[in-house]
Amino acid sequence: MAQRRTVLVLDNAASVEQVLPLLPEGVGTVVLITTRSRLLATELGVPESLEVLTPAEAVALLASTAGADRVRAEAEAADEVVRRCGCLPLAIRLAGARLAHRPSWLVADLAARLADERGRLGQIAVGDQTLADAFSTSYEPLDERRRQVFRLLALHPGDDLSPPMAAALVDLPLPETERVLDDLVDRHLLEEKATGRYRLHDLVREYASGLSRCIDPPQVLRAATDRLLELCLHAALSVAVELEPLLERRKLVAEPPSRPDLVAAINPDIEWLERERTTLSALVDYATEIGSDELSWRLARSLWRFFYIRMYFDDMLSTHQCGLRSARRLGDREATAQMQNYLASAYVRTGDYPAATKLVESAIQMYEELDDMRSAARFRANLTVVYWLTGQLEAAAQLGAYLRREVLLGRHAWIDLVLPNHGIALAAIGRYGEALQLHRLHLFLARSASDQFQLLNALGHIGMVRSRMGDFEPAVRIMEASLRLRDRTGHRYGEPELRVDLGVALRELDRLDEARHQHETALRLALDNGERHAQCAALNELGATIRAQGYPQEAIRLHEQALKLATRIAHPQEQGRALARLGGLFVEKDPDQARRLWQRALAIFERIGGPEQQLIRAQLLGMSH
């Protein structure tokens, strides 16, 4: 062949030593070498690692194997088959060949069989040829240490993992872990999706998991998982104490980390929490599932403030529901009370006020029974917000006043909770001067403590009260400062409500396009985060702004949406506001309907209190004349 122009394919090469004697020495020959392991030698040129197929390529391969007409006739089922095969060429060829040998099957039949992840590898086979056999040709040559690392990596519940997390799982020094991970990448048992981020392909993960269940004793698997959970708990907690200065670390971890080297390697900060968010949430769920109850509730609690300030309320719900189950299973009343309180905060933000009330009241009772009156008072402060949202405005104001006295008497240190919550309650019933005084004191204390979260929170509340007092220009400046601070720190808590209030002030200044932008942004954020009370407020204020722009029909539609949602979540303030705004829109074309709407709105505000009732009475009086 030395004198001929040839394309030579060396398929499934095992080693450099196997390939070198076969390379032609003359010019004019192209040699293509396929291999499961990277072959590194100067004579072989630069290796090229192939990615999986694109979805379109994967469907085309399935069609060429199973028949184009069958695939074309069931396009959605074909998409599902290639997705279940992970767009892996060999898997698609085997699945397609199996379909070709069964003309009575629909493509949907194969998709259904592949839906069972634990039995999926068994479905991707033709005769004696299986996908598992293909994986085993890469797995079997490994030494026992590397085999076990490969198997244990399947325990990681996230999409990808870092070397420190892998080192915790496999209980090896970090440098050795990194070498093993690189070896597994070279053998295409592991993918390096980005520098320092490793991933098992879904089908490879299933293969590794199956091996692990057969080979590794349950105690080995449990110990590996607990090591990973313990590492993540210490890393998350080190960030939590920065975000939540009054968090008592010793109540969540009594011992130092068993692998401080791995915590240091992670160098955790809030962006690490952001990057690992889905993994950490999945770990809490997994810990509850396998009975690692202490680690489950402690990790959930450590993640609470991060989820709260970034408005990840779905994550908060799922992790704290798991944490609560674990705490109850342990019979730990203090842990149960904590999980109830912090789960309630998620229910408040997503509009399930009865569930929130029940959980907080139960948590308060537990702490009173434990004779921990400071914690009971701290949790009682959360009821202020629940009372405000459910229209119990006087009760909210009275509770806030009681808790302020507790602070002054030295029985309650959580002034960052008491002041803003009491101020919100006072503003809701029109006592703006007192509310402003409290929010300014909150601002002073936040600046003294250099607490950025409390600082931006206090600024937002001050701007809200100044707007309601008619001081629109300073209100806009203050609220915009709060937004800039949120952008700088990444704290997003309360942003939809802040933008609603900012939009109101801008509307009053006749800056209608800017107001509309703020209200539309607030609505989008509230929808994204599932904050239904904020959705109601955004819909009502967006409707008012659009009406001011001259679009009454669109305004009616928005207020009707707000009314429907506020009724569903039992939020009387926004119900009343929606009815009052609708009355104003109907006053000219249907005065009787306007009167009925205003009367319904007035009945709500007479029951709950608030300054809106005076305006509605004036509107009704104007109609009677």
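Which charged end sits over the ring of Tyr-139? That's Arg-147, whose charged end lies 5.2 Å from the ring's centre. A charge counts as over a ring when NZ of Lys or CZ of Arg is within 6 Å of the ring centre and within 35 degrees of the ring normal. Arg-277 does likewise over Tyr-312, at 3.7 Å from the centre.

A quick word on the model: it's predicted, so local features need pLDDT of at least 70 and side-chain atom pairs pLDDT 80 or more, while totals for chains, interfaces and linings use all residues. Residues are numbered from 1 along each chain as its sequence is written, and side-chain values use heavy atoms, leaving out hydrogens and water.

Now for the rings. There are 13 aromatic pairs here, meaning Phe, Tyr or Trp rings (for Trp, the six-membered one) with centres within 6.5 Å; planes under 30 degrees apart are stacked, over 60 edge-to-face, and the rest tilted. Take Phe-306 and Phe-307: their centres are 5.7 Å apart and their planes at 45°, so this pair is tilted. Both are buried (under 20% relative accessible area, with exposed over 50% and partly exposed in between, using a 1.4 Å probe and protein chains only).

Tyr-342 and Phe-379 make an edge-to-face pair, because their planes meet at 85°, with centres 6.2 Å apart. Tyr-342 sits in helix H19 (residues 333-350) and Phe-379 in helix H21 (residues 373-389), so the pair ties together parts 37 residues apart in sequence. Helices are DSSP runs (H or I, at least four residues), numbered from the N terminus. Tyr-342 is buried at 5% relative accessible area, and Phe-379 is buried at 0%.

Methods:
Helix = DSSP H or I, 4+ residues; strand = E, 2+ residues; numbered from the N terminus.
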